[in-house]
Structure formats: structure tokens, C-alpha cells
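These are my notebook entries on a structure that I am reading for the first time.

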Amino acid sequence: MSVLTRDEAQTRAKLLDVHRYTIDLDLTTGDETFDSRTVIRFTARTDADTFVELKPDQLRTATLDGQPLDPETLDGNRLPLNNLTAGEHELHLDASMRYSRTGEGMHRFTDPTDGETYLYTQLFMEDVQRVFAAFDQPDLKAVFDLTVKAPEGWSVLANGMTEHLGQGRWQAATTPLISTYLVAVAAGPWHSVRTEHRDLPFGLHCRRSLAPYLDADAEELLEITKQCYDRYHEKFEEPYPFDSYDQAFVPEFNAGAMENPGLVTFRDEFVYRSAVTDTERQTRAMVIAHEMAHMWFGDLVTLRWWDDIWLNESFAEYMGYQTLTEATRFTDTWTDFGVARKAWGYDADQRPSTHPVAPENVNDTASALLNFDGISYAKGASALRQLVAWLGEKDFLAGINTHFARHRFANASLADFIDSLASATERDVHAWADAWLRTTGVDTLTPVVTPGDDGTCTLTVEHTGSRPHRIAVGLYDPDVADEGRHLILRDRLDLDIPHTTPEPVGKRPALLLLNDGDLTYAKIRFDPESFEAVRTSLSGLPDPLTRAVVWNALRDAVRDGQLPPTAYLDTARTHLPHETDLALVQGVLAFATTKVADRYLTPEQRPAALTTLTSLCRDLIRRTEDGDNPGLRLIAVRHLIDVAAHPDTIAAWLADGTVPGGPELDPELRWRVLARLAVLGATDEQAIAAELDRDPSATGQEGAARCRAALPDAEAKARAWQAMFGGDDRTDLSNYLFTATARGFWQPEQADLVREYVPRYYEDAVTVAARRGPAIATAVGRWAFPAHAVDTENLHLGEECLNTADPIPALRRTLADELDDLARALRVREA
């Protein structure tokens with residue numbers, strides 16, 4: 001298959017005006033394929049040759065202006081359109097297309113709970129070609145007319161409102177001008193909750209087996225949707241540009257969500273079957289806000305080419321967090337961003353695969369797909385937050401509204417956006433964009449405190465990097481009322497970096513914190529006195545966002561080899577029992593478990609780390625015995641399960657169906673316990689099968705796959721490996737079952753048992769990625785990678801694979817990132 005290059009896209013955009021697609025899908029032709037008939041009306045500006053893209057199971061017929069084209073000329077995914085003459089044209093194509101089990105194209109899923117089947121599209125980047133023929137690039141927008149034939153009893157959702165015509169035929173309202181990758185269809189016996197807001201139809205949809213759980217949360221979901229909708233209309237002068245707003249929670253979805261105009265699709269794990277924390281509800285709300293922002297950033301105004309992914313994702317990320325804070329009960333979202341999302345950006349930006357927020361070298365679609373990462377999302381959103389701090393929100397929003405007005409239902413580039421911002425301010429936003437959006441890496445800010453003769457001191461900031469920063473500096477003193485256990489804010493200074501002139505700060509504070517409030521994107525360090533204050537009084541800082549900045553700094557210091565991993569654990573052990581913010585507790589425990597205990601400490605040090613984490617979780621459980629903080633208790637229970645070194649306690653919980661004092665073990669906790677018991681060799685196939693009988697849902701199937709792969713048994717490992725890497729088109733695992741199996745396979749406790757599979761991994765990963773495509777390749781690289789094997793042999797095997805085996809781009813990028821993380825873990829151990 002050929003990937004589209006930027007040069008090819010620019011040439012075709014100069015040649016064609018695409019007016020209308022008329023698409024007819026027949027979803028009643030069997031379990032393996034569906035029929036797709038497409039009519040494309042377009043104008044050629046000059047005489048030329050070009051091509052249309054599709055990836056059919058069979059191309060039956062193709063005609064151009066009534067003249068037949070030879071289906072045999074289809075070359076990979078390109079059907080040549082030679083000898084086009086200037087003027088109007090009409091292209092007809094009739095094809096059979098194959099359903100997907102990887103979340104790409106038209107994904108087909110049969111619910112094991114009730115046997116019902118659901119279909120939905122994910123047409124991002126090049127996957128529209130798996131569903132219908134298209135001139136597939138974002139700047140060839142068109143209107144779309146869609147009809148669908150579906151089995152009786154199904155409903156069909158699409159970008160516009162749909163009408164049932166009878167006998168299983170559905171027709172969607174004609175769309176405005178949108179890009180091909182934004183077309184969406186979802187078909188099945190959906191359970192739907194509908195309402196109206198400001199005369200606009202709103203809908204929520206999920207599988208029937210999830211109906212009770214959606215109904216339980218429908219009021220909350222719709223309230224968040226309405227609040228965000230209203231707030232965006234206060235910010236944006238351009239009204240919502242589509243005829244309805246449906247949100248469909250779909251199975252086995254590869255991303256968090258997709259911003260299809262009028263029909264946003266979400267992974268249906270957001271329909272909660274089990275207890276969740278309020279932070280998890282906040283995350284779901286943020287995804288709702290993020291995707292709604294895309295209706296303007298991405299759908300109304302769309303990138304011209306994939307080098308401007310950030311114009312979609314960074315804006316939706318920033319707007320999602322900011323709007324949630326302004327318009328909903330979730331008023332502290334930037335803490336979660338700081339401890340979870342921002343760390344994703346920092347990590348990505350320090351790998352060899354780093355790239356600018358707005359790169360200039362995205363030469364084809366395969367390269368573009370790799371840039372949907374922590375840089376395009378978290379770093380870009382951080383850059384925008386810094387821009388707002390520097391520019392002021394009034395001018396920022398004025399520039400955005402100018403941008404919408406200039407480019408509505410069209411395409412735009414970075415240069416267009418900067419020009420729109422420049423029209424609203426006298427500041428040099430072009431220079432800002434060059435410094436922030438065209439550069440790579442993370443700047444580092446280090447305080448230098450110089451004492452004076454009169455008991456006062458001054459501050460200078462050492463700046464490693466090239467970007468300007470506007471930051472706040474927090475000066476914190478001990479609270480004498482409680483003998484210094486808490487720190488109180490004496491003053492907060494605003495500084496522009498570079499800042500080389502000594503800044504008077506008065507009497508030496510106990511803690512001098514750069515980037516207090518987390519308004520910029522940079523690693524920060526502590527001077528020795530401030531680090532001592534952090535070590536003794538971190539939990540006494542008054543604001544959770546301030547504590548997030550400190551925890552991130554400690555995390556960065558561990559990763560950079562400047563703070564021993566055991567010191568991070570000691571700090572967590574001291575201060576996390578007193579933490580009130582759930583996002584911070586979750587983020588610190590996750591890093592302490594999956595990075596510190598599992599990778600940064602040696603196998604000999606790991607048992608002591610698990611003991612420390614177990615004691616920490618027990619403290620949190622004891623602290624929540626009065627029932628006042630069920631979210632904190634749930635986090636502690638989850639993590640105690642994950643770090644249990646002995647099976648007795650959690651096995652008793654499973655047998656009793658409850659943790660003493662609560663919570664009762666819901667399906668998520670039961671599978672979590674069983675997975676850990678499998679790792680510890682304290683359960684067996686019979687128990688897994690019994691649990692699957694108890695919970696035969698899709699989530700149960702994934703839980704069973706993970707548990708079976710985690711059993712410390714040679715035969716179990718061989719079966720799991722065969723399921724991941726030895727299948728064929730008939731027996732291949734779906735994307736979710738592959739990931740579940742991979743997550744169970746490698747365990748630090750089982751290093752000797754799986755040692756023989758480490759060298760096998762690289763050859764088998766390359767083969768299965770090439771056969772199954774980018775989505776599975778990413779899962780192979782991320783979840784099936786032997787991350788537990790922190791040794792030079794594994795590193796050398798991986799480097800040899802990258803140098804000699806020619807993995808497809810999605811696997812190459814993921815492997816390169818994992819190997820860089822592996823090399824970092826080795827450096828941390830050496831340090």
C-alpha cells in the first residue's frame with residue numbers, strides 16, 4: 001500500500017475541487033465483508049493524471065463519466081484516473097470491503113454478553129479507504145450524502161441526523177464541507193438516551209448490555225455536555241456548526257475518543273461498570289470537553305496537512321482542561337493535567353523521536369501518524385497555556401475568533417493561525433511561535449539563591465534551553481502555628497525568563513519554587529535548602545497544583561539520575577498518606593509502581609520497594625475507614641492489589657467478595673485481584689474459567705486473557721505467545737484481546753520463565769506488525785515489549801532489530817521509544 005506524500009497531496013489539491021460524495025453502504029452481506037458504493041463528483045482544473053484511494057476486499061466495477069475503468073489497474077490502494085480533462089467529472093465505484101477487528105476502518109464487534117453485533121467507523125488518517133473510495137487528504141473537503149442498509153432492529157448514527165426509510169435503510173442528512181477522515185457511521189442495536197439543548201438534538205449511545213450503566217450516568221454526561229457547549233458559545237463567536245450532537249460509546253476503540261462532527265465516538269470503558277474515583281469522572285468529562293472543542297478546532301477549521309496536527313490536538317487539549325475548570329464542578333483540572341498529561345509530554349520530548357510541536361518535515365501520512373503523542377497533545381497544550389499567560393486571554397480569544405471567521409469550513413496552517421493571533425495583539429507572536437513551536441526538548445530552570453549581608457537574599461535563574469518563559473516563583477515559609485509542619489505562601493513573584501538580573505526576595509524562604517502555578521513547560525530544580533523543605537514538608541504545601549509541580553520535579557530528578565529512586569519512594573511514604581488530591585495520589589503511586597519498583601530498582605531492591613508501597617497503601621486504607629473518601633480508598637485498594645508480594649490478603653478479599661470495611665469487589669477489582677494472583681502462582685485455569693462464567697462480558701474476556709497469560713506456567717506462556725504472534729486472519733486476536741494478553745505475559749516476578757521469549761519478541765513483532773498494520777503494531781511495541789528485562793542484552797537486541805529488521809513505521813517509532821526508556825532505566829540504575 002502506498003502512503004500519501006505531502007508533495008502528492010499538494011499537487012492533487014491544485015488539480016481538484018471535490019464537491020460531493022454519495023455513499024451507499026450495505027451492512028447485511030455477511031460477517032466478513034460489506035458492500036460500499038461511492039459516487040464522487042469533482043472538477044479538474046486542468047488536463048492531468050491523478051488517482052483515488054481505496055482498500056477493497058474486491059473492487060467490482062469503476063466508471064469515470066460513464067466509461068468503465070479496469071479494476072485490475074488498482075495498484076495497492078490507488079486506482080489511477082489517467083487522462084483527466086479539465087471540467088466536471090463523476091466517478092462511480094462498487095466494492096466489497098472487509099470488516100476490521102483492529103479498530104481501523106469499519107470495526108465489527110459481537111458482544112459476548114448477549115450476542116449482539118455493533119459496527120462503527122474510525123477513518124482517521126488513511127482508514128477511510130477501508131470503508132469507501134476517496135480523494136483522501138484533509139484539504140479536499142466535500143459534502144457527504146450517506147445511506148446505509150442495516151439489519152432490521154438496528155439503528156444507524158452518522159455525522160448528521162439520520163432517518164429510517166424502512167426495510168433497514170437509513171439516510172443521513174447532508175453534511176457541510178468536511179474532510180474525508182471525519183466521516184462517521186455507527187450501526188447496531190444501540191441503547192440511546194436523547195434530549196435537546198438550545199434546540200439542538202443531543203444523544204448518548206452504547207451497547208445494550210451497558211444500558212444500565214449509561215442510564216446511571218446519563219444525567220452527569222449530559223450536564224457536562226451542556227455546560228461545555230454553553231461555555232464554548234461564550235468564548236467563540238462562531239456557533240456550533242453541525243445539526244446535532246451525538247456521543248457514541250463504542251467497543252474496542254483504539255483512542256480515547258474521535259472528534260467526528262456531530263458523532264463523537266468514545267471508548268466504552270467510559271461507561272463505568274465498576275466503581276471509579278472522581279478524578280476518573282473528571283478525566284471522562286475532560287475528554288467530552290476536548291472532543292467538543294474539536295468541532296471548531298479541527299472540524300470547522302481543519303489542518304491543511306498533517307504537520308499541523310497541533311492545530312487540532314493542542315487546542316482541544318488546552319480548551320478541554322480550561323473549559324472544564326470554568327464551566328463545571330471540576331474546578332481543579334490543571335492539577336491532573338500537571339501530574340498525568342504533562343509528564344507524558346516531558347517523557348516524549350526527551351526521546352530521540354522528539355519533534356517540534358509544529359514540525360516542518362512531515363513528508364507523508366505514515367510519518368504523520370507517529371506524531372499523535374505527548375508532544376502534540378500535552379506539550380502543545382502547555383505551550384498554549386504559556387501563550388495565554390504571556391498574551392492575555394482577551395487577545396488570545398480575539399485571535400481565535402478571527403481564525404474561525406477567516407477559515408470556516410476550510411483549511412488552515414500554522415502561518416494562518418499566527419497571522420490571526422497577530423491581528424489581535426502588538427506582541428511578536430511570530431517570534432513566540434518560532435521559539436515554542438519549531439523547537440524540541442525540555443528547558444530546565446534552576447534557582448540560584450545568593451544571601452546578602454543584611455539577612456536577605458536574591459534570586460537568579462539558570463536557564464538551560466532557548467525558550468522565553470513567563471513564570472511565577474512561590475516563596476514559602478514554615479507555618480509557626482503548627483511548628484513548621486505546613487508551609488504558607490509569603491509571596492509570589494512574576495518573572496520573565498531569561499532573567500539574569502538578581503531578583504530581591506527578602507528573607508530567605510524555606511522553599512523557593514520556580515513555575516509555581518505550572519504556567520510554563522520546563523523541568524525545574526531545587527536549591528539545597530528548598531529540597532530539604534520539600535523532603536520534610538511537601539504534604540504541607542497549601543495548593544494541590546503547587547504540590548503537582550513539586551512531584552513532577554522529583555519525578556524528573558529520578559529519571560535524570562539526580563535523585564535516587566529510593567528517595568522518591570521515601571518521600572511518597574512520608575507524604576502521600578496526608579495527600580488529599582486524588583490525581584496526585586494516583587499519579588505518584590503509578591510512577592512509584594510501574595517505573596521505580598518495576599524498572600528503576602534492581603531485582604534485588606524490588607521486594608523492599610513493594611513492601612514500602614504495600615505499607616503506604618495500608619496507611620491510606622486505614623485513613624479512609626470512616627468512609628469519608630471512597631475515591632482515595634479505591635485507589636489504595638487497587639494499588640495494594642498491584643504490589644502484593646504475597647497472595648493471602650488479596651485472596652481472602654476475593655473469597656469474601658469484599659475488602660474489610662469496603663469496598664465490595666466489583667468486576668474490575670475481582671479481575672485485578674485474579675490477575676495478581678495469577679502472577680504470584682496462587683490461582684489456576686479453573687478459577688479463571690469460573691470468574692469468566694461469572695462475568696462473560698467483553699471486559700471479562702479481556703480479564704481472562706490477561707490472567708491466563710500471567711500464569712507462571714510454561715504451557716500458559718506458550719499458548720499466550722501463539723495467540724499474539726502465531727495467528728492468521730481467521731484466528732487473530734482483536735486489538736483489545738491482543739493488548740490484554742500482552743499485558744499479562746511479561747512480569748518481573750517471572751523473568752526466568754520468559755527469558756527465552758525476549759529474543760523471539762523482536763522477530764515476531766516485526767512479522768505480525770507488517771501483517772496486521774499500524775494499530776496492532778503500536779500495541780505490539782507498547783504492550784508486548786519486554787519492558788521488565790532491564791539489561792544490556794535486551795537493549796542490544798532491540799537496537800539490532802531497528803538497524804536490520806526494517807519494522808513498519810508505527811512499530812519502529814514505538815520500539816525506539818521503549819528502547820530509549822530502557823536505556824534510561826539502565827542509566828538510573830547505574831546512577
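Predicted model: local features only at pLDDT ≥ 70, side-chain atom pairs only at ≥ 80, totals over all residues.

Residues are numbered from 1 along each chain as its sequence is written, and side-chain values use heavy atoms, with hydrogens and water left out.

**Entry: the sheet**

I looked up strand β5 (residues 67-69) and found that 3 bridges join it to β4, the two running antiparallel, with A62 standing opposite L69 of β5. β4 and β5 form a hairpin with 2 residues between them, and D65 in the turn has a positive phi of about 55°.

I then followed β4 (residues 58-64) to β7 (residues 87-98), with which it pairs in the antiparallel sense over 6 bridges; Q58 has S96 of β7 as its bridge partner.

Which order do the strands of the open sheet have? I read β5-β4-β7-β2-β1-β10-β13-β12, which makes 8 strands with mixed pairing. The edge strands, each pairing on one side only, are β5 and β12 (162-166).

Further along, β1 (residues 16-26) pairs with β10 in the parallel sense over 7 bridges, and R20 has V143 in β10 as its bridge partner. Helix α1 (residues 6-15) packs on the sheet, touching β1 and β2 (33-44), and its direction makes about 100° with that of β1. For such angles, axes are lines fitted to C-alpha atoms, for helices over the stretch in contact, and values run from 0 to 180 degrees between N-to-C directions; contact means heavy atoms within 4.5 Å.

**Entry: two helices**

I looked up α19 (residues 685-694) and α20 (residues 698-710), which pack at an angle of about 170° with their axes 9 Å apart. That angle makes α19 roughly antiparallel to α20, a term used for angles over 145 degrees. The contact is made by E685, I688, A689 and L692 of α19 and by G700, Q701, A704, C707 and R708 of α20.

On a 1 Å grid over the protein atoms alone, a cavity is a set of points where a 1.4 Å probe fits but cannot get out, whereas a pocket is an open set with protein on both sides within 12 Å along at least five of seven lines; lining residues have an atom within 4 Å of a point. Grid points are joined across faces, edges and corners, and a volume is the space filled by probe spheres set on the points.

How many cavities of 30 Å³ or more does a search of the whole structure find? I noted 4, and the largest cavity holds about 80 Å³ of space. Of the 13 residues that line the largest cavity, F297, G298, V301, L311 and H403 are the closest to its centre.

The second largest cavity has a volume of about 70 Å³, and strand β10 (residues 143-149) gives the most to its lining, with 3 residues.

Last, I looked up the second largest pocket, with about 460 Å³ of space. Its lining has 25 residues, of which P603, P748, E749, A751 and H788 lie nearest its centre.

How values were computed. Pairing = 2+ DSSP bridges. Helix = DSSP H or I, 4+ residues; strand = E, 2+ residues; numbered from the N terminus. Parallel < 35°, antiparallel > 145°, perpendicular 65-115°, else oblique.
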